[in-house]
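Open the model in your viewer and keep the selection tool at hand. The tour goes from one selection to the next and says what is there.

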Amino acid sequence: MTTSPHATSRRANSTAASAPPHLGIVLFSLAMGGFAIGTTEFASMSLLPFFAADLRVDEPTAGHVISAYALGVVLGAPLIAVLGARFARRTQLLVLMAVFALGNALTALAPSYGWMIAARFLSGLPHGAYFGIAALVAASLVPQHRRSQAVGRLMLGLTSATIIGVPLANLVGQMVGWRASFALVSLLALLTVLLCALFAPRDHAGRSDPLRELGALKSGRVWITLAIGAIGFGGMFAVYTYLATTLIEVTNVSAEVIPLFLAVFGVGATLGNLFVPRFADRALMPTAGSILLFSAGALLVFPLAAGNPWALAADVFAIGAGVSLGAVLQTRLMDVAGDAQALAAALNHSAFNTANALGPFLGGLAIREGLGWTSTGPVGAALALAGFLIWIVAYRSAGPAPVEATSGSDAAPLENAPARLAPPLAPDYRSRADLPRDPVA
């Protein structure tokens, strides 16, 4: 069967006219939300000495502000994922970032410690649901064998925030006041709303339902994957939360140098998210176990390196590289969640923010017991090793995960993959010509 050149030309012109935005623009728009979230999540830790003094509480008590945000993520992620099952993903992204902008604006205006706790809890509610939905959209726009890389690109928004956003927020906090830092985050969130309104893929109302999403809670594989992140990732937060104070009290550097160390952490996290997912696309679970062991080693070195700025910078870089565990476990959850993709993806961020609450809490206990600021390193290493023990159970007890076809139409076929339809995650592109251009390399 042949097609006339004129017909082909008309079809090409029609496709070009209706082609979706460039994949890079879509991922950038989604990643901007990650940039805003990463800035507020990590900057609040680096600003802890400053708002603790202003609110007249000691630093371990001020650490509860971090835990309040994490609690908001833990509770908000599954609740919003279930309630939003019938809404279009683009609509959810816009609403979630609007609420996030409001929460950070209220943080900037908080008149007391109690009000700040409430504002940080509100700010945390959209966090996990936003990342969960954005990750599903990103993964659905690329072939199956590039999902980890797509999610890693999305997470570059969060990790680049640790290079640019967090040091900038810390600098603004020192020069203008910590309240200005949270106001800056609110503006970034509003910018994300604008970008997503312009470039996020338009989709129909959700074709899932709350009961189907709740089906994720029946899977032991989902729970054990979540446990790996909830425990194993806590080590990084135990150290990072008190890093600014450790630099001042132990390393004896001036406060002006703190943003440089935060940027070093961010470089490690960004490079980790660029390169580690490439290994995860080939060997997903072994990569996760390797990251946990690597992180445990870097955290054990922390007390030894804290006395020397150069050694500490190298160790902080290594600890930052462990952030790549997030993208790896996100992909694992896509494989084991079945039809409950949205809830499982959101629960990943509940798990990591359980770690965000657990790490600072245990690190703060060690400091309160008089073990010193660097005691957060061994506490963090213990959490990473505990996560590795859970990983061993998951790796030995589970066979190959059932693979869901959550990616683009040109996904490579997998041997022995179950013959079932994947839930719709993003716009229904009808042909290869309709797929976003320039997929993740």
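The model is a predicted one. Begin by selecting residues 325-336, which form helix 16, together with residues 341-368, which form helix 17. Two packed helices are described by the angle between their axes and the distance between the axes. Here the angle is about 150° and the axes are 9 Å apart. Angles over 145 degrees count as roughly antiparallel, so helix 16 is roughly antiparallel to helix 17. The crossing of the two helices is right-handed.

Next, show the side chains where this pair meets. From helix 16, pick L325, G326, L329, Q330, L333 and M334. Their partners in helix 17 are Q341, A344, A345, N348, H349 and F352. Which kinds of residue make up the contact of helix 16 with helix 17: nonpolar, polar or charged? Seven are nonpolar, five are polar and none is charged. An α-helix has 3.6 residues a turn, so residues three or four places apart point the same way.

Now select helix 11, residues 234-241. Is helix 11 buried or exposed? Eight of its eight residues are buried, so helix 11 is largely enclosed by the rest of the structure.

The following two stops are in loops. Go to R56, in the loop that lies between helix 3 (48-55) and helix 4 (59-83). R56 is not a glycine, yet its phi is positive, at about 65°. With a relative accessible area of 78%, R56 is exposed.

Then move to N252, found in the loop between helix 12 (243-249) and helix 13 (258-280). N252 also has a positive phi of about 65°, although it is not a glycine. Its relative accessibility is 60%, and N252 counts as exposed.

Finally, clear the selection and view the whole protein. How many helices and strands does the protein have? There are 18 helices and zero strands. Of the 441 residues, 57% count as buried. The protein exposes about 17,600 Å², and carbon and sulfur atoms supply 68% of that area. For contacts between residues at least 6 apart in sequence, 85% join residues at least 24 apart.

Technical notes. Residues numbered from 1 in each chain as written. Predicted model: local features only at pLDDT ≥ 70, side-chain atom pairs only at ≥ 80, totals over all residues. Heavy atoms only, no water. Axes fitted to C-alpha atoms, helices over the stretch in contact; angles between N-to-C directions. Helix = DSSP H or I, 4+ residues; strand = E, 2+ residues; numbered from the N terminus. Parallel < 35°, antiparallel > 145°, perpendicular 65-115°, else oblique. Left-handed = near helix turned anticlockwise from the far one by under 90°. Contact = heavy atoms within 4.5 Å. Nonpolar A, V, L, I, M, F, W, Y, C, P; charged D, E, K, R; others polar. Buried < 20%, exposed > 50% of the residue type's maximum accessible area, 1.4 Å probe, protein only. Areas by Shrake-Rupley, 256 points an atom, 1.4 Å probe, with all protein chains shown as cover.
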